[in-house]
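Please look through the sequence and the model together before reading on.

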Amino acid sequence: MARMTVERLERRLTEAMHLLRGSVEPTQSAYVLGALLYLKWANDQHGDSLPEAARWYCLSKSSGGTHADERLSAALAALPNLPSAAAGLLGGPGGRPRAAMMQVIELFGHLNLGDDDLAYPEVLGDAFETLLRSSADGAGNRGGEFYTPRSVVRLMTALGQPSPGMRVYDPCAGTGGTLIDAWRYVRDHGGDTSGLVLSGQDVNSGSLLLSSLNMLLHGAERCSLVQADALTNPEAPGDGFDLVVSNPPFSMSYDLAEVPRAAERMPYGTTSGRGKADLMFLQHMLDMARGRNGAVVSVMPQGVLFRGAGEREIRTRLLNADLIEAVVALPPNLFYGTGIPASVLVLRAGGRPESPHRGKVLFINAEGEYTPGRANNTLSSGHVEKIATTFHSRTEVPGFSRFVTREALAENADNLTVHRYVRHERVAERQDLHAHLEGGMPADEVDAAKPLLDSYAVSPADLFQERDGEAEYWHFRAPGERPDTRALIRLARTREGILWQAFDAAWKSFSDQISVACRFDGVGATEYRQGRMRWADLRADVAETVRTPLTRIGLVDSHTVAGLVEDWLGQSEATFRSLAARGFTAVVDDWCEGVEEALANTRQSSGRYALEAALEHPVVSALLPDFLNELSAARERADELSAQLREARAAADEQDESDRDSATWSGLPALKRACSSARQRVREREADVPLAEARRALDAEGARTIVLDVLRVDLSSGLARILDERRAEFVALYEAWEAKYGLSFQEIEDRLPGFSATSRTLRQTPWSEQSGVDPRHRDAELLFNVIEAEEAIKGEIAKLDTKRHFVLLPVLDAVDGQSLEVERVSLGDVLVSITRGVAGPHSTDQGGLPVIWPSNMTGDGLEVTDLRYLIGSGRVGQRLVHGDVLLGGLHRSERIGRSYRVAVWRDELPEATHSSHVLRLVPDRSHLLPDYLTAWLRHPLVRRRVEALTTESPMSLERDLLNSGFELPGLAMQQSLVDEIGRLAAEQADRRVQLDKVMRIRGGLAGRLLGGPLDV
């Protein structure tokens, strides 16, 4: 029987959040849903042994005027042996709307949440964490008051490295994320969590409620949570804590008079009370850790690192006591509700023992280590691993980490700002004047890229030719013999093939270990703990099994490989927990049950995006490849018939009433029936996904194969993305060299009309004989030549631009009856169709179907970077076909820039669709070439015509565009015109490359004449 997975439970919680949205604050919603989760678990787990008042049916029944949330509090209060962490649940925030609460209670009533009903024991806690993150997202700026982003928490935990038996404390616990992550870290590393003591306090009662629920739902056994202000009412430290980890509120005010035992607890100084409580919190943490010489890991605003007065005095005393081990500068925009730059400080309460690093502070500049996001940036597992490994190995990495002595800090007024000591140095791009003027590739610049070239086992001789008599330069090959993108990719693929062989061997060993570590021994806590221990051992062994072989190849560095593996382990965590709890067969059952449930929901709500998401689950691909192929073919046939029907209707609409007996009209009914029948076949296939039948035919070995294949694809997909980025870096390196030095000034002059004998300095005085010439005179002569060449190129570009426009002028001026064979028709007469694209939803997250927007269109074509993607489905939206003409920003409200943009789709991507701001014009190719239509729309005279059309609405503008006049030559003439325009455009593009190169040389020479560096 399938169990409740974390994915299925998250969907239910999302549904419940929607029911409460608009009438309940996100934090209150999280409290209500968490309390209901715990109560439902208690009922499903303990059943009739619960007191009457704690029974679920008491919560769901109508009870006079008693509000549902009052019955919830009463039910929680009636639970026997309520853990201490649940004390804060009683009397929680009330006032939920009755109807919404009853709907949520009914929704939860259909869930089975006992231990035997869960895919693995921590399902409730993991789903609740996702709910907390969603609540923080929904709370906007207020989310930061109670929730620290998971990636920041992971970093602090990795720096603190909690272990079994530790006492861990957070003075500003919020939702308990730091404490739970410490518990999880011990669990994931095979440690016994039963001896781990978790303590926290928070002044906010609502946050403490959420924290209590977080502990309960995760099953954290020994925890103590207190509602109190840590500064004015601190928890008794007992014999101290081994680890204090926290994200206290930034720049909070406080009253020193209300701080008890301030001199004893904060012996390093005080700050002004207004907005300067940060270092007071830090000293409180040190006081709580002092008894056990514990570590403190805390987020702090960067202002505390450099401000003067009391804060500087505290820094000085902390440094003198050798308490500060490290300062980590965090990337921007990680936190909810604040853009204040932040850092993580790592301290040791009792100072550090004798070591080579005593008296020094390790500074880590991680400001560039982040993954961009729409609302907030995040730290990936790779970033966390890199920072934590650098800290624990005490490694200095140029531009990333550095030890600074106490004396050096004192010389800088004890300023702890990280970028003062560790900078991401931007090395100015070197420019070689000799190479710019006479050609050649400087050998020292090639040598500087040796690590990248060596990683691909590529030598300079694979890219260039040796230059006779000049060891300092390589020679570019002739234009037709230079390696193009495909050749460079072939060079890269050779080394990548070796890496993939290593990956296959590593995976074979690793998959065997997974099979052993996740074998199913039975149901129960003991068996699960045994499986969990094996999984923890496997995590520890993964370095030798996967990381080391991949890193040894040298193509990808160790931090990147480690991040890849950690990201994969994190994404696959729920699968591994299910494997550890119940084995391979049960995981496949859970996947199938989740897909069946999603499909049932889409049948009820007709949710297209949810349907596609369900069908794209990897278990469907594994079990039903033939079905998916048949469904894809049926959809393509339905799309094809729909397009034919649209075209036929458009053609029929343009005919007069007298023509209604024509073949076009007579064929419509049959086409409509065929289209309807095709769509019905698609609906029937979508409504009858034979997943259950395929699952029943699968044996245990088949289940094992499917799970391992899914895990392998997830890991290999991550590696493929890394290799794609690395390969793109390699290709871009050569392309940058070629753009920089591949065209010399001498070659440019040779191509300019009348300039073959004008290069006086270079032609008359060979480079080898210029040592006696005054360098300033030589540079001035060169500069004069360059300026003349620049003006000549600009003139050539202007001429070519005019020539391009003149090509179509005879056609645009032609009238019927003239010798030039041009027919004047309506544009709609020569189009098969004109359609707007999909309206959304769209996202910058890759995974869906790429969508072309006006912003992806340039004056000359398409730029398929910075794309947005269609959310939820890879099949919704009309696919672009080679030769489609895209018209972006036709209406002023949709425009980017001053005018519309036009481009021909030439399969720049394997598949894509277009947005609602882009029109797709499908030419009737028996009469109209796509490139001729594009050239016609781009012509200035046509632009004026189109922009003079009505602009009441996009739809009316499309109608007027279809009815507008269109000059239509024969296909042969169209091809001739397109060829000539293409020739001129290519020549113009070459001239623009020359202009860019000459302008760069002019800037460098002018700078050098004025005494500056050669800044080309």
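## A covered strand and its partner

Strand S13 (residues 822–826) and strand S22 pair in the antiparallel sense over 5 bridges, where helices (H or I, at least four residues) and strands (E, at least two) are DSSP runs numbered from the N terminus, and where two strands pair if DSSP finds at least two bridges between them. Within this pairing, Val-822 has Pro-969 of S22 as its bridge partner. Strand S22 (residues 965–969) has 4 of its 5 residues buried, so it is largely enclosed by the rest of the structure; buried here means under 20% relative accessible area, exposed means over 50%, and partly exposed lies in between (1.4 Å probe, protein chains only).

This is a predicted model, in which local features need pLDDT of at least 70 and side-chain atom pairs count only at pLDDT 80 or more, while totals for chains, interfaces and linings use all residues. Residues are numbered from 1 along each chain as its sequence is written, and side-chain values use heavy atoms, with hydrogens and water left out.

## The chain as a whole

The protein chain has 34 helices and 22 strands, and of its 1016 residues 51% count as buried. Among its contacts (heavy atoms within 4.5 Å) between residues at least 6 apart in sequence, 77% join residues at least 24 apart.

Inside the order, strand S18 (residues 885–888) and strand S21 (residues 918–923) run antiparallel and are joined by 4 bridges, and Leu-887 stands opposite Leu-919 in S21.

How many of the residues of helix H31 (residues 930–938) are buried? The helix is mostly covered, with 7 of its 9 residues buried, and among them are Tyr-932, Leu-933, Trp-936 and Leu-937.

## Two pairs of helices

Helix H11 (residues 278–289) packs against helix H12 (residues 309–320) at an angle of about 30 degrees, with the axes 11 Å apart. That makes H11 roughly parallel to H12, since angles under 35 degrees count as roughly parallel, over 145 as roughly antiparallel, 65 to 115 as roughly perpendicular and the rest as oblique. The crossing of H11 and H12 is left-handed, a term used if the near helix is turned anticlockwise from the far one by less than a right angle, with right-handed used if clockwise. Where they meet, H11 brings Leu-279, Leu-282, Gln-283 and Leu-286, and H12 brings Glu-311, Ile-314 and Leu-318.

Helix H8 (residues 177–188) and helix H9 (residues 205–218) pack at an angle of about 20 degrees with their axes 9 Å apart, and H8 and H9 are therefore roughly parallel to each other. The crossing of H8 and H9 is right-handed. Residues of H8 including Leu-179, Ile-180 and Trp-183 take part in this meeting, with Asn-214, Met-215 and His-218 on the side of H9.

## A strand with two partners

Strand S6 (residues 324–329) is mostly covered, with 6 of its 6 residues buried. Strand S6 pairs with strand S7 (residues 342–348) in the antiparallel sense over 5 bridges, and Ala-329 stands opposite Ser-343 in S7. Strand S6 also pairs with strand S8 (residues 360–365), in the parallel sense over 4 bridges, and there the bridge partner of Ala-326 is Leu-362.

Arg-477 lies in the loop between strand S12 (473–475) and helix H18 (485–517). Is Arg-477 buried or partly exposed? Its relative accessible area is 21%, so Arg-477 counts as partly exposed. Leaving aside neighbours within four places in sequence, Arg-477 is in contact with Ala-461, Asp-462, Leu-463, Phe-464, Gln-465 and Arg-482. The side chain of Arg-477 reaches the backbone oxygen of Ala-461 at 3.0 Å, and the C-alpha atoms of Arg-477 and Leu-463, 14 residues apart along the chain, are separated by 8.0 Å.

Methods
A polar contact is a pair of N or O atoms within 3.5 Å; within protein, one must be able to donate a hydrogen and the other to accept it, and residues adjacent in sequence count only if both atoms are side-chain atoms. Axes are lines fitted to C-alpha atoms, for helices over the stretch in contact, and angles run from 0 to 180 degrees between N-to-C directions.
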